[in-house]
Amino acid sequence: MAVRLGEIRLRRYPLGPGMILVWVLAALGMGVAVYRWIYGLGATTNLSDGRPWGLWISFDMMSGIGLAAGAFTVAAVVYIFNLKKFYPIVRATILTGFISYTLAALTLMVDLSQPQRIWHLIIYWNIHSPLFEIGWCVMLYLTVLALEFSPVLFDALNWKVPLKIIRAITIPLIIAGVTLSTMHQSTLGTMLTILPDKIHPLFYSRLFPLYFYLTAIAAGLAMTVFESFHSSRTYGYPFEIKMLSKLVKGIPWVLGIYFVIRLAELFITGKYLYLLQGGAPAVMFIIEMVGGVLVPILYFSDPNTRNDVHGITWGAFFTMGGLILNRVNAALIFMDGSFYLPSWQELAVTVGLTCLGLIMFDAAVRFLPMFPEPTPKAVKRL
Amino acid sequence: MPISRRDFLKVTGAGLGALALPAAPVSASTTEIATDATASMLYDSTICVGCRACQVACKRRAGLPPDVDPSGLYEMPHDLDSKTWTIIKLYKDQNSDSFVKNQCMHCIHPACVSVCPVGALEKLESGPVIYHRERCIGCRYCMAACPFSVPKTEWEKPLPFIQKCDFCADLQANGEQPKCSEACPTGALIYGTRKAMLDIARGRLVGEGNYVQHIYGETEAGGTSMVYISDLDFTKLGFPEQSDVSLPDITWPYMQGTLGVIGVMVTLSTAIYLRTHRKDKNGNNGNNGSNGNNQPPKGKEA
């Protein structure tokens, strides 16, 4: 389909004030990252002996990987559950996953005290460590995602043979992706289970692995709504509301199970007493559970809001915000330690990496056949 | 806070036992036998006079630079940090005062050793928890996971390592005792096997003196090599209210479950794949996804 390639090359780059800002912020973030590598964490962050993990771990790593769960969920829905009607969003979702994991790896390179030794994960093993498992899963899953995404590239370059090879192993790749994701999404929760006395009881749970897995699935699906919203707003692709509204129908189920188990745990263990005590933990818990769980359930259960562009987008924002709040509450705000607010350098790297992700996504949308059948409408608007 | 977290966690542990994967309870008898002979130190805060000979001896033997004030004179460090492996602190209120020594507790079941992804921390059978800096990638998980917040890092350096007390493992291997206990002039800090230290501690608790009837470190976090007795409440001396759970025992069952997760997810995905694609072969419109109407598009398999 040489014609398609030609059409795609023509796609206008959305160069406006917004996009210029994105480029500037990305450049600033990269600059600060280089500065941090030269002068160290002490000179650039507000981290301290009493607060060894800050914004980069709780937000960029834990939330970023959680939000990238759409890649394995949608891949499973399409290829394992054989619900082909969702095929049009597969490529964009897998790309988002690939970018998110790349960003998580980059964040790790900024956050590690000895980033040049990240390869030590390969040669020094400690099977007791949740982080060891996460490290391996992320390495392998990045490879899987790259392979899952490679057909788009081969398609654009019109390389027939590699395309054939990848197509032949698609299903094993998808199954590997689902398995690796299940492992590390839940293990991110396991990572925090070893802190029973440091994380506030309202946010600590032995069921972290289950909670992290369920919320990642919900937020990953919500992320696909956000991607479509972005693609339609920026590139004039049609907002696939009918398809997306069917996809997000799953979210109330997943979040519903999560909500019930978490509340049940609260009462079975007697932790609800902390709610009655009030204070910041109780308030944040209620905000997290209502704003990040109940509100999305309501948004996506009601066909009226679900089939409305604003309704579905807001629902997605609440779901994603709920996951971020959950991770930040457990791994930062309500984890014992010294007072901490991120430094401007930490914020600059976080914002910069997010902008870098946007740039990568937009480059792919511009140069690659991201949406398998470019509709005549979309082509016309270029 | 009316509810103490320590009391609370006991309730939580009991309640969750049925609900979650429970941490395998460590049988007390096996732990006792395994740990009786390990190296240990007893610190009795009622004897310590705060001379800080231990602190100086530690810096000298570990080659740690002294803290200096702006004019270059030596100054007291304020807390454990990358240049201070042990420190003597003073607690004081209107009625009472007491010194207390901080250093790595050398847990029987160290969280730091269990969480380190590259195995840079190691629990020696003889007792010490030691650090292999050549392996460290600097994730700082040990710092976050340590219930006593002991591992510190060299924030001011571009490529920082972890710093913490190594219990003079090299000296112990030569049959010597750690420099801090060797330097102690009053006997507030003594060195021996864990059984001997606990026996002495128990003896003092029932003898004269106004001791709090608790040996800190006997059961905290599953037991530590450093054990403490005092006539003041341990929270006043800065010790955390630590549950008795052996922390690595919380995560290990989940890690062991990984193989199960792999098995279940691969089997389940394959089974669902085979089932949803069976219709294709019968020519039963499996290709266009219209068969999906009877299945809600959930992303959740397990």
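Student: What volume does the largest cavity have?

Tutor: Bearing in mind that this is a predicted model, the largest cavity has a volume of about 110 Å³, and the search of the whole structure that found it turned up 10 cavities of 30 Å³ or more.

Student: Which residues lie nearest the centre of the largest cavity?

Tutor: Of the 15 residues that line the largest cavity, those nearest its centre are Cys58(B), Cys165(B), Phe167(B), Cys168(B) and Cys180(B). When the lining is sorted by kind of residue, 9 are nonpolar, 2 polar and 4 charged.

Student: Which helices of chain B each supply at least two residues of that lining?

Tutor: They are helix H3 (53-62) and helix H7 (179-183) of chain B, and H3(B) gives the largest share of the lining, with 3 residues.

Student: Turning to the two chains, how is the size of an interface often given?

Tutor: As a general idea, the size of an interface is often given as the accessible area lost when the parts come together. In this structure, the area buried between chain B and chain A is about 7,300 Å², and carbon and sulfur atoms give 63% of that area. The contact takes 85 residues from chain B and 85 residues from chain A.

Student: How many residue pairs are in polar contact between chain B and chain A?

Tutor: Counting pairs with both residues at pLDDT 80 or more, there are 30 residue pairs in polar contact between chain B and chain A. On the side of chain B that touches chain A, the elements that give two or more residues are helix H1 (5-19), helix H4 (111-115), helix H5 (141-145), strand E8 (152-153) and helix H9 (248-281) of chain B. H9(B) contributes the largest share of that side, 18 residues, and the residues of the side as a whole divide into 46 nonpolar, 25 polar and 14 charged.

Student: How many salt bridges are there over all chains, and how many are counted between chain B and chain A?

Tutor: The search of the whole structure finds 15 salt bridges over all chains, while the count between chain B and chain A is 1 salt bridge. In that salt bridge Arg140(B) is paired with Asp111(A), with the closest N and O atoms 3.0 Å apart.

Student: Why does the pair of Arg140(B) and Asp111(A) join two chains?

Tutor: The pair joins two chains because Arg140(B) lies in the loop between strand E7 (129-131) and H5 of chain B, whereas Asp111(A) lies in helix H6 (residues 90-111) of chain A.

How values were computed. Residues are numbered from 1 along each chain as its sequence is written. Chains are lettered from A and ligands numbered from 1 in the order in which they are written. This is a predicted model: local features need pLDDT of at least 70, side-chain atom pairs count only at pLDDT 80 or more; totals for chains, interfaces and linings use all residues. Side-chain values use heavy atoms; hydrogens and water are left out. Contact means heavy atoms within 4.5 Å. Buried area is the accessible area (1.4 Å probe) that two parts lose on being put together, summed over both. A salt bridge is a side-chain nitrogen of Lys or Arg within 4 Å of a carboxyl oxygen of Asp or Glu. A polar contact is a pair of N or O atoms within 3.5 Å; within protein, one must be able to donate a hydrogen and the other to accept it, and residues adjacent in sequence count only if both atoms are side-chain atoms. Helices (H or I, at least four residues) and strands (E, at least two) are DSSP runs, numbered from the N terminus. Ala, Val, Leu, Ile, Met, Phe, Trp, Tyr, Cys and Pro count as nonpolar, Asp, Glu, Lys and Arg as charged, and the others, Gly among them, as polar. On a 1 Å grid over the protein atoms alone, a cavity is a set of points where a 1.4 Å probe fits but cannot get out, and a pocket is an open set with protein on both sides within 12 Å along at least five of seven lines; lining residues have an atom within 4 Å of a point. Grid points are joined across faces, edges and corners, and a volume is the space filled by probe spheres set on the points.
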